[in-house]
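Subject: Structure handover

Hello,

The structure you asked about is below, with the sequence. My notes on what was found in it follow.

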Amino acid sequence: MNSSGGGMGNEPLTIQRARDGDVTAMRELYEAHAGRVFAILRRLAGDDDLAQDLAQDVWVTTFRKLDGFEGRSAFGTWLYRVAVNTALGRLRSRAREPVVEMAHDNWPDAASDRAEPAVDRIALARALDRLPAGYRMVLVLHDVEGYTHEEIAEELGIAPGTSKSQLHKARARMRQLLTAGVGKVNDVASH
Amino acid sequence: MSHLTRETLSRILDEGAEPDVRSHLDACGVCRAELAAMGELKLELARLPHPPVPETVWSGVIRRIVAEGKAASRAPRPVRLRVPLQAAAAVALLGLGFVGGRTTVGPRDAGSVAVAGRPETVEQAIERVENAGNAYREAISDLESFEAVTDPQQRARVVFERLAALDLLADASRSALQVVPEDPVVNNYLYAALQERQRLEASLASAAGDEVFWR
């Protein structure tokens with residue numbers, strides 16, 4: 001899985017200072033990694049408020065458990081693990097919620113053979129928020145975070161085959177949402 | 001011609017196409033275009049920029065960390081919070097001390113951490129801020145046995161000590177904020193102290209019914 005992230009000049013020393021309760025060192029660690037941690041959480045959660053709650057939980061847990069960080073892996077790797085575990089701990093039950101199908105599948109439609117414009121990233125992010133929770137978690141873990149289906153299956157307590165199936169349904173739903181115009185700027189009112 | 005489903009096209013992205021499916025793709029521009037669009041979707045998902053991190057995240061974290069500091073005296077390995085050097089230096093420069101004319105200090109005298117006069121070094125200023133934090137934690141530790149205390153005077157003493165310790169922290173933070181008004185850590189110290197004071201007053205008012213005996 002992809003665990004790259006922000007780094008800092010003398011991270012081991014900063015970690016030691018944070019272990020000793022130095023708030024400035026905690027802030028330095030936060031500033032180095034907050035962006036990537038929040039991005040993971042925001043995408044998994046699909047919701048701003050929940051993502052903020054999760055982010056607070058992750059950072060408080062991280063500072064509490066700093067003594068348990070032995071430095072065998074990069075701090076960022078360990079931290080993102082805490083982040084994903086925290087998020088999935090809260091979201092796991094939603095992975096099995098029943099999925100409501102969209103009213104109609106627009107594939108293939110009259111526009112399908114026309115050249116498509118480049119993907120609008122804002123629309124993409126909004127469409128991601130619109131996915132059923134189970135689809136979104138698998139899609140984010142696989143296509144954004146680089147988890148394998150075996151890792152996803154272990155995290156979510158599902159079979160690897162289910163993870164694959166959810167991924168393909170998730171991508172199909174994303175295409176369905178994007179081609180239907182869901183997530184475009186003028187769609188905000190319907191949120 | 002019947003087209004491939006989007007789920008099938010997604011599967012092809014990861015696993016490749018069987019010969020019969022490959023034949024269909026060779027002949028069908030619609031499915032090829034959709035496959036390409038799905039590939040672009042997959043790439044763009046991995047390139048999505050990070051959303052901005054709301055400021056409320058850090059303020060919530062530090063508030064909880066500060067609040068956990070009150071459990072330090074009970075924890076096997078206490079968390080010792082230190083304010084940033086600039087905040088401590090600000091306190092030192094101002095030379096305002098920490099009590100600021102409070103009159104509600106209890107018998108054990110949280111004023112023992114109050115300092116008359118100007119700290120001479122940054123280290124001294126830090127030590128004084130830490131002393132205020134220690135007084136706060138001691139007062140909280142006392143409060144653990146609060147429910148068992150029946151003597152009204154003793155109850156009042158415990159409450160006074162905790163309130164006084166909170167006032168010390170609040171005053172130290174206010175002093176520092178005169179010089180570093182934007183410092184998020186100091187702002188959060190002040191916020192946490194005021195919130196805890198309000199919570200304490202509310203819980204004790206609730207426990208004592210209409211009689212708020214410590215006022």
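A:Arg72 and A:Glu70 are joined by a salt bridge between their side chains, at 3.0 Å from N to O. Please note that this is a predicted model. Both partners are on the outside: A:Arg72 counts as exposed because its relative accessibility is 77%, and A:Glu70 is exposed with a relative accessible area of 57%.

A second salt bridge in chain A pairs A:Arg171 with A:Asp143, again between side chains, at 3.0 Å from N to O. This pair links distant parts of the chain, with A:Arg171 in helix α8 of chain A and A:Asp143 in helix α6 of chain A, 28 residues apart. A:Arg171 and A:Asp143 are both buried. They also belong to a network of salt bridges that takes in B:Asp14 and B:Lys42.

A:Arg27 and A:Glu31 form a salt bridge whose closest N and O atoms are 2.8 Å apart. The two residues both lie in helix α2 of chain A, 4 residues apart, which is about one turn of the helix. A:Glu31, at 53%, is over the 50% mark and so counts as exposed. Over all chains, a search of the whole structure finds 19 salt bridges.

Interface of chain A and chain B

On the chain A side, 52 residues are in contact with 49 residues of chain B. The size of an interface is often given as the accessible area that is lost when the parts come together. For chain A and chain B the buried area is about 4,600 Å², with carbon and sulfur atoms giving 62% of that area.

The count of salt bridges between the two chains is 5. One salt bridge joins B:Glu34 to A:Arg175, and its closest N and O atoms are 2.8 Å apart. As for polar contacts, the rule finds 13 residue pairs across the interface of chain A and chain B, with both residues at pLDDT 80 or more.

Which helices of chain A each supply at least two residues of the side that touches chain B? They are α2 (23–45), α3 (48–64), α5 (121–130), α6 (133–144) and α8 (160–179). Of these, α2(A) gives the most, with 12 residues. By residue class, the side of chain A that touches chain B divides into 22 nonpolar, 11 polar and 19 charged residues.

Fold of the two chains

Chain A has 8 helices and 0 strands, and its pattern along the sequence is α-α-α-α-α-α-α-α. Chain B likewise comes to 8 helices and 0 strands. Of the 191 residues of chain A, 52% count as buried; for the 215 residues of chain B the figure is 45%.

In chain A, 72% of the contacts between residues at least 6 apart in sequence join residues at least 24 apart. In chain B, residues 24 or more positions apart account for 66% of the contacts with a separation of 6 or more.

A loop residue in chain A

A:Leu66 lies in the loop between α3 and α4 (75–91) of chain A. Is A:Leu66 buried or exposed? It counts as buried, because its relative accessibility is 1%. Apart from neighbours within four places in sequence, A:Leu66 is in contact with A:Ile15, A:Ala18, A:Arg19, A:Phe75 and A:Trp78. A:Leu66 and A:Gln16 are 50 residues apart in sequence, while their C-alpha atoms are 8.6 Å apart in space.

Confidence

The average pLDDT of chain A is 83, and 79% of its residues score at least 70.

Regards

Conventions:
Residues numbered from 1 in each chain as written. Chains lettered and ligands numbered in written order. Heavy atoms only, no water. Contact = heavy atoms within 4.5 Å. Buried area = accessible area lost by both parts, 1.4 Å probe. Salt bridge = Lys/Arg side-chain N within 4 Å of Asp/Glu carboxyl O. Polar contact = N/O pair within 3.5 Å; in protein donor to acceptor, adjacent residues only side chain to side chain. Nonpolar A, V, L, I, M, F, W, Y, C, P; charged D, E, K, R; others polar. Buried < 20%, exposed > 50% of the residue type's maximum accessible area, 1.4 Å probe, protein only. pLDDT = per-residue confidence, 0-100.
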